[in-house]
Amino acid sequence: MSWDIKDDRPVYAQLVEIIGQMIIKNIFPPDSKLPSVRDLAALAEVNPNTMQKALVELESEGLISSVRTTGKYVTDNVELIKGYKRKIAVRELGRFINKMKDLDFTMEEIKDLVDKEVNNGNSFRN
Amino acid sequence: METVLEIKGLKKSYGKKAALDIGNLEFKGGKIIGLLGPNGSGKTTFIKLVSGLLTPTLGEIKVGGMLVGADTKSIVSYLPDANYLFDWMKTKDVIAFFKDFYKDFDEGLALSMLSNLGIDLKQSLKSMSKGTKEKVQLILVMSRRAKLYLLDEPIGGVDPAARDYILKTIISNYNEEAVVVIATHLIGDVENILDDFIFIDEGKVVLAGSVDEVREEKGKSIDNLFREVFKC
């Protein structure tokens, strides 16, 4: 997991995804305290206002909450994190399917291909 | 946030030649601004005018509501393009120098950053590598609780690890109500830490805006936008 910011999209939207994934992967476990906005910004080498904007977005998703004076915490609601994980998975799957359709695969062919690759034990890493 | 830097009808000429002609600009506190342009576009002239090293031919510059002059020196922290420290000095001499000159200098902060880098206070500046010297200068400048930080090419000529260190040091230490102006042509390296950008060329503002808005509207980085605007 790294703070790899791409060129083509707003930085805050990418930060929302990266931190969301860090929560899903337990790098920031449920009910744990997040580093300060400044520290997170320094870690990611991004503008602190941009980091703040990303955290506000994650807060509106319910993944984190602000506790007055003490800082921001990851939600203790494990089900909510699971739901978020599923939501991300469905979105990524949608992107994948659209790409495959662009390559002229039918849904049946896509399913077949996925099955075969999974059985081959491919980890899908380049 | 209050206005930290206010510029009205600013013009600087040398004889008949206009070096800078940028009209009006206003910056509120809490922002990191990129002053971006090719070599010789007027970035350093701008920084020197705001720091008070040069006087405008026309117009005025106010920092924290005061016209630039002796009064604003105490609230402006300036990192010049060139080495500004004397080579014979030891790190501890430079610390003493900053403590004498600037009331807002946080000595404890500077000492802790220097010790994190493993810099010996008895080491003289001339024995340091270029990258280390740049780091020491930046640490001193960022250890002031200033209202305006003017950083002229803070990452010029340093390796990627030193660059990361310098960016992290800027992000972690600037005063929250302050404005940070970073003048550089190394756009890809700094754009993620910027709120807003200003492109200048031949002394004029060519384009200005918010970094994330450009990405949202045009789907491209400031670096790519710069390459388009300044295509040779």
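How many residues of domain 1 of chain A are in contact with residues of domain 2 of chain A? Eight residues of domain 1 of chain A touch five residues of domain 2 of chain A, where contact means that the C-beta atoms of two residues, placed from the backbone, lie within 7 Å. On the domain 1 side, these residues divide into four nonpolar, three polar and one charged. Here Ala, Val, Leu, Ile, Met, Phe, Trp, Tyr, Cys and Pro count as nonpolar, Asp, Glu, Lys and Arg as charged, and the others, Gly among them, as polar.

Before we go on, a word on the model and its numbering. This is a predicted model, in which local features need pLDDT of at least 70 and side-chain atom pairs count only at pLDDT 80 or more, while totals for chains, interfaces and linings use all residues. Residues are numbered from 1 along each chain as its sequence is written, and chains are lettered from A and ligands numbered from 1 in the order in which they are written.

Let us stay with chain A. Domain 1 covers 11–76 and domain 2 covers 79–119, with bounds that come from an automatic or database domain assignment. Their centres, taken over C-alpha atoms, are separated by 27 Å.

Now look at helix H1 (residues 11–24) and helix H3 (residues 48–60) of chain A, whose axes come within 8 Å and cross at roughly 55 degrees. Helices (H or I, at least four residues) and strands (E, at least two) are DSSP runs, numbered from the N terminus. Axes are lines fitted to C-alpha atoms, for helices over the stretch in contact, and angles run from 0 to 180 degrees between N-to-C directions. H1(A) and H3(A) are therefore oblique to each other; angles under 35 degrees count as roughly parallel, over 145 as roughly antiparallel, 65 to 115 as roughly perpendicular and the rest as oblique. Among the residues that meet are A:Tyr12, A:Leu15 and A:Ile19 in H1(A), and A:Met51, A:Ala54 and A:Leu58 in H3(A). This contact divides into eight nonpolar, two polar and two charged residues.

Further along chain A, strands S1 (residues 64–67) and S2 (residues 71–74) pair in the antiparallel sense over four bridges; strands pair if DSSP finds at least two bridges between them. A:Val67 stands opposite A:Gly71. The two strands form a hairpin with three residues between them, and A:Thr69 in the turn has a positive phi of about 70 degrees.

Where do the chains meet? The contact takes 16 residues from chain A and 18 residues from chain B. On the chain A side, H1, helix H2 (37–44) and H3 each give two or more residues.

In chain B, an open sheet of six strands has the order S6-S7-S8-S3-S9-S10, with mixed pairing. Its edge strands are S6 (76–79) and S10 (204–210), each pairing on one side only. Strands S7 (residues 148–152) and S8 (residues 179–184) run parallel and are joined by five bridges, with B:Leu150 opposite B:Val181. Helix H9 (residues 222–229) packs on the sheet, touching S3, S9 and S10 of chain B.

Finally, strand S4 (residues 58–63) of chain B pairs in the antiparallel sense with strand S1 (residues 3–14) over five bridges, and with strand S5 (residues 66–67) over two bridges. B:Lys62 is the bridge partner of B:Glu6 and also of B:Leu67.
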